[in-house]
Amino acid sequence: MDGKQALDFGASSDFPSLLRLQGLLAPAAQIGPMNARGEIVPTESTTILAFKFSDGVLVAGDRRATSGNTVVYDRADKVLEIDQRSIMAIAGVPATAWEMARVLEHSFQFFRRTQLQEMSVDGKVRALSKLLRDNFGFALQGVGIVVPIFATYDVKASPSGRLYFYDAMGAQFEATDFAATGSGSPAVRGILYYENTWGKNPLQKISEDEAVVVALRALDTASEADTATGGIDRHAKIFPIMKIVAADGIRTLPEEKIAELFQKRVA
Amino acid sequence: MIEEPYRWVEAIATRRDYIEMQLATGSPVVALGYDEGILLLTVGQQKLFEIYDRIALGAIGHPGDIERLRMAAIELASTEGFTRSAADVSLRRLAYYSLSPVMKNAFEQIYGAPFLARLLFVEIGTSPAEDLFLEVEYDGAINLRSSDGGNRPFAVLAATKKSAKEMAEFLSKRFQSAKDLPATLDLALDAWTVGQLRTDEAMTGDDEIRRQRSERLGSGTISAAVLKRNTNRAVRYRAVEASDLAPLIAK
């Protein structure tokens, strides 16, 4: 903590700039040489999904982390709480993604503390977009692509659950009903589209238990064809991470509950 | 140029008088332990702030200077919390290593402007014995108030030394541990009133305090915030709701 340096800042800019000023965060990556093959390497090996249901937004992610064909870790947490009402789910290079989540979490807090008001939902959505944009040089070089989903709850909007997905350049898209990203996402998108359109009820009308079942089935299907998606580990009893963002904040679904619904309705 | 040492000492003394005069009309801040954590209360302009997960600030002084110091404290704590962890953010280090040297320097550089501010930082620990009340003066002096193992968990920030002393004496007599929030708000506002009295009497009676309290409160807005000890969230700071403050005005 170097007091003098900090005091010279005067009225402060945003948190990432503060970190860059002190050399604690890499500068926005310049668009440099491409990787040898001259293409973006999509290392987003995972499956993340989110959809709106009757109470709010459910965000789910499998637990597998891979490096090429090797499974590195089978208990990764890719669904991260950023603040009381915001969840960021990550597909992509873990080092970059977790760092981004950390910067984002601190940015929102820093904004509230310095500006004495909560950052608006639009501001939060944009902040993530900016981080992705700053990272695009690395993504192009094939070393740091991140494609996240951002879910939050906006009391002023209707429906209050808000869901966004991004591309690697930082473009943000608001999803009406559902979003999925990562290598296993094509299958998941198919399932969610089917459920939403021809299921018994549209996704926004289903209960929490139903939502968990849909998410479990979708991740199980994704892992059927995509080796980079862990799905449900039946032997080691490793279940996906699921979080719900609703009016009263964020809730992590207990593993027992997921396991029980899995036994009854999925297995 | 001030080349002779005694001139410098003289200039510093003048500067001290000037700052004390500038601060003399400030509205006191009271920090008081209660059953769920620590309460901070003041009346008038906004001057209770969240610094980090477990740290809050109350201040007296020029809004511009308070703002600069507040920003510096938030920036220092946030960078520390980001690069290491929230557990590594320490009020003691923030005050001793970062704020105090800069404030002392500004105060003694007699061609530059000093900070017209007096700060009270509060850090909530896992138990009342670990709570910290730390005052930083405009000249960088630090007054670390021990909560005496949790037995005297309170501190005040007042415009003058005399009112600070009177408020502390009042609280020493009246403070009872583990009271609920309404009772603590009430006591804090009484202590604030004691800090506002310009009387030479040693201690005013209860009726007089009550009368003065409603008189001095006038149209001023009470602002209060708490640091909660046991909560499942990392951030302990909460502003006290207006509905909790309403009963105080009626009395």
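Reader: Is Asp83(A) buried or exposed?
Author: In this predicted model, Asp83(A) counts as buried because its relative accessibility is 17%, and the cut-off for buried is under 20%.

Reader: Which element holds Asp83(A)?
Author: Asp83(A) belongs to strand 5 of chain A, residues 79–83.

Reader: And what does Asp83(A) touch, leaving out residues up to four places away in sequence?
Author: Its contacts are Phe108(A), Glu118(A), Lys124(A) and Ile250(A), with residues up to four places away in sequence left out. With Lys124(A) there is a polar contact between the two side chains, at 2.8 Å.

Reader: How far apart are the C-alpha atoms of Asp83(A) and Glu105(A)?
Author: They are separated by 6.4 Å, while the two residues are 22 residues apart along the chain.

Reader: Turning to Asp220(A), where is that residue found?
Author: Asp220(A) is in helix 6 of chain A, which spans residues 208–225. It is buried, since its relative accessible area is 19%. Not counting residues up to four places away in sequence, Asp220(A) touches Ile232(A) and Arg234(A).

Reader: What about the surface: which residues form a nonpolar patch there?
Author: Tyr193(A), Tyr194(A) and Trp198(A) form one, with about 420 Å² of accessible area together. Trp198(A) lies in helix 5 of chain A, residues 185–198.

Reader: Why does Trp198(A) count as exposed?
Author: Trp198(A) counts as exposed because its relative accessibility is 58%, and the cut-off for exposed is over 50%.

Reader: Now the interface, please. How much area do chain B and chain A bury between them?
Author: They bury about 2,400 Å², and 64% of it is on carbon and sulfur atoms. Glu75(B), Thr79(B) and Phe82(B) supply 30% of the area that chain B buries against chain A, more than any other three residues.

Reader: How many residues does each chain bring to the contact?
Author: Chain B gives 28 residues and chain A gives 26 residues.

Reader: How many salt bridges cross the interface of chain B and chain A?
Author: There are three salt bridges between chain B and chain A. One of them joins Glu50(B) to Arg113(A), whose closest N and O atoms are 2.8 Å apart.

Reader: Which elements of chain B give two or more residues to the side that touches chain A?
Author: Those elements are strand 3 (48–52), helix 2 (63–83) and helix 3 (91–108) of chain B. Helix 2 of chain B provides the largest share of that side, 13 residues.

Definitions and conventions
Residues are numbered from 1 along each chain as its sequence is written. Chains are lettered from A and ligands numbered from 1 in the order in which they are written. This is a predicted model: local features need pLDDT of at least 70, side-chain atom pairs count only at pLDDT 80 or more; totals for chains, interfaces and linings use all residues. Side-chain values use heavy atoms; hydrogens and water are left out. Helices (H or I, at least four residues) and strands (E, at least two) are DSSP runs, numbered from the N terminus. Buried means under 20% relative accessible area, exposed over 50%, partly exposed in between (1.4 Å probe, protein chains only). Contact means heavy atoms within 4.5 Å. A polar contact is a pair of N or O atoms within 3.5 Å; within protein, one must be able to donate a hydrogen and the other to accept it, and residues adjacent in sequence count only if both atoms are side-chain atoms. Patches are made of residues with over 30% relative accessible area and no salt bridge: like charges are joined within 9 Å, nonpolar side chains (Val, Leu, Ile, Met, Phe, Trp, Tyr) within 5 Å. Accessible areas come from the Shrake-Rupley method with a 1.4 Å probe; for residues, only the protein chains shown count as cover. A salt bridge is a side-chain nitrogen of Lys or Arg within 4 Å of a carboxyl oxygen of Asp or Glu. Buried area is the accessible area (1.4 Å probe) that two parts lose on being put together, summed over both.
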